[in-house]
Amino acid sequence: MTESVVTDHTKQETISADQNRVELCEKNPAEDFLRMDRIPHIWCPGCGIGTSVNAFVRALIEAKVDRSKLCVVSGIGCSGRVSGYLNVDAFHTTHGRAIPFATGLKLANPELTVVVYSGDGDLSAIGGNHLVHAARRNIDIKVVCVNNFIYSMTGGQAAPTTPMGTIASTAPYGFCEYALNLPHFVEACGATYIARWTTFHVRQLQKSMQESFAKKGFTFIEVIAPCPTLYGRRNQYRQGVDEMKMFKEVSRREKDIETRDAEIKPGEKIVIGKFVDRERETWLESMQHHYKEVLGDAYYPYTGAMI
Ligand SMILES: Cc1ncc(C[n+]2csc(CCOP(=O)(O)OP(=O)(O)O)c2C)c(N)n1
Ligand code: SF4
């Protein structure tokens, strides 16, 4: 047993319980970005949310995102707890309202990198209208959507993303609705960058997150993640690792993939990869151009409410 006594940026000095040995071990680089005083976290063993956070933190480090200008906003749910564990300016907002909150932050201070990190239910059900219009307007925010196919925090009810035929607490005989194909949906709305990975594909996920930081406009990364407690155990994946094995087996990365082919159906392939990478004027750019054109020199360009 060891006890941590010193921390610096790269090394952690530990003293073994018998006090005889001082060891220097490499410190996990992710720790600097986590509120270690809040660990242990609330997520269940085998949950995929923490895996996505690990990729996210590593992407922040690799992309050298300026931490003093970074804000992470979450809604409510197990995935919505992410903001509470990140050691950055973070906001845990109300259910479904992470996107409008983030929009306000970005418009008040356009220099910020604003990330929305939340669940599929939060973003596409109660927050669905905000998802539509932020993507349509091309608000310059980065969205990470953890899709565990269910409303986990409230007991495993069926969500818009629950695959047809799978079991949920509100669908004990199988869900009878078509699942929302999130990449296709946000492409139609106008997102500039769209990718989907599972928590098995951590390196690709990290790389996509890095890419999205460099991208201007509304970006959307869907992370397919296991929820063994409320989805997996009802659908033959008793443990997180069982669902991870399924992800490994059925995920397909194809050339020239189209979002319309990315629907998720039980027992069928899960299409993963980068679907969309395009340029569109952001809402702020288009607003500035429009008023400049209409008002000419009478228009005083907007530089943000806070700077
Ligand atoms: C206005 C409002 N309605 C409903 C709830 C209850 N609620 C809390 S979390 C949640 C579902 C979250 O699901 P998801 O976003 O998929 O996150 P997960 O827990 O699966 O990670 C719901 C319905 C709430 N907190 N506020
Ligand atoms: S209930 Fe599901 S989503 Fe929530 S922490 Fe547990 S495994 Fe993760």
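Predicted model: local features only at pLDDT ≥ 70, side-chain atom pairs only at ≥ 80, totals over all residues.
Which residues does Ala158 touch, not counting residues up to four places away in sequence?

View 1. Leaving out residues up to four places away in sequence, Ala158 touches Ala168, Thr170, Ala171 and Phe175. Ser169 is eleven residues from Ala158 in sequence, and their C-alpha atoms are 7.1 Å apart in space. Is Ala158 buried or exposed? Ala158 counts as buried because it has 23 C-beta neighbours inside 10 Å, and the cut-off for buried is 20 or more.

**View 2. Helix H1 against helix H7.** This one pairs H1 (residues 49-62) with H7 (residues 202-214), whose axes lie 8 Å apart at an angle of about 45°. That angle makes H1 oblique to H7. Look for a right-handed crossing of H1 and H7. On the H1 side, the contact is made by Thr51, Ser52, Ala55, Phe56, Arg58, Ala59 and Glu62. Facing them from H7 are Val202, Leu205, Gln206, Met209, Gln210 and Phe213. Sort the residues of this H1 and H7 contact by class and you get seven nonpolar, four polar and two charged.

View 3. Ala30 is in the loop between S3 and H1. Which residues is Ala30 in contact with, leaving aside its neighbours within four places in sequence? They are Asn54, Val57 and Arg58. Ala30 comes out as partly exposed, since 16 other C-beta atoms lie within 10 Å. Arg67 is 37 residues from Ala30 in sequence, with 13 Å between the two C-alpha atoms.

View 4. The bond to find joins Ile39 and Pro40, and it is cis, with omega at about 10°. Pro40 belongs to the loop between strand S3 (22-26) and H1.

**View 5. Val116 in the largest nonpolar core.** The largest nonpolar core takes in 77 residues, and Val116 and Val223 are the ones with the most contacts inside it. H1 supplies the largest share of this core, seven residues. Centre on Val116 and, once its neighbours within four places in sequence are set aside, the contacts are Val73, Ala98, Ile99, Ala102, Ile141 and Val143.

**View 6. Helix H3 meets helix H5.** The axes of H3 (residues 98-108) and H5 come within 8 Å and cross at roughly 35°. From H3, the residues in the contact are Ile99, Pro100 and Thr103. Their partners in H5 are His130, Leu131 and Ala134.

**View 7. Helix H6 and what covers it.** Which residues of H6 (residues 182-189) are buried? Leu182, Pro183, Phe185, Val186 and Glu187 are. Their cover includes helix H4 (120-126), helix H5 (128-137), strand S7 (142-147), strand S10 (193-198), S11 and strand S13 (270-277). Just after H6 comes Gly190, with a positive phi of about 130°.

**View 8. Cys227 in the loop between S11 and H8.** Cys227 lies in the loop that runs between strand S11 (219-224) and helix H8 (240-250). It is buried, since 31 other C-beta atoms lie within 10 Å. Not counting residues up to four places away in sequence, Cys227 touches Cys47, Asn148, Ile150, Ser152 and Gly232. Pro45 is 182 residues from Cys227 in sequence, yet their C-alpha atoms are 9.3 Å apart in space.

**View 9. Two positive phi angles outside glycine.** Gln236 is not a glycine, but it takes a positive phi of about 70°. You'll find Gln236 in the loop between S11 and H8, and it counts as exposed because it has 12 C-beta neighbours inside 10 Å. Asp256 is not a glycine either, and its phi is positive at about 50°. Asp256 sits in the loop between strand S12 (251-253) and S13. With 6 other C-beta atoms within 10 Å, Asp256 is exposed.

Methods
Residues numbered from 1 in each chain as written. Chains lettered and ligands numbered in written order. Axes fitted to C-alpha atoms, helices over the stretch in contact; angles between N-to-C directions. Helix = DSSP H or I, 4+ residues; strand = E, 2+ residues; numbered from the N terminus. Parallel < 35°, antiparallel > 145°, perpendicular 65-115°, else oblique. Left-handed = near helix turned anticlockwise from the far one by under 90°. Contact = placed C-beta atoms within 7 Å. Nonpolar A, V, L, I, M, F, W, Y, C, P; charged D, E, K, R; others polar. Core = buried A, V, L, I, M, F, W, Y, C linked by C-beta atoms within 7 Å.
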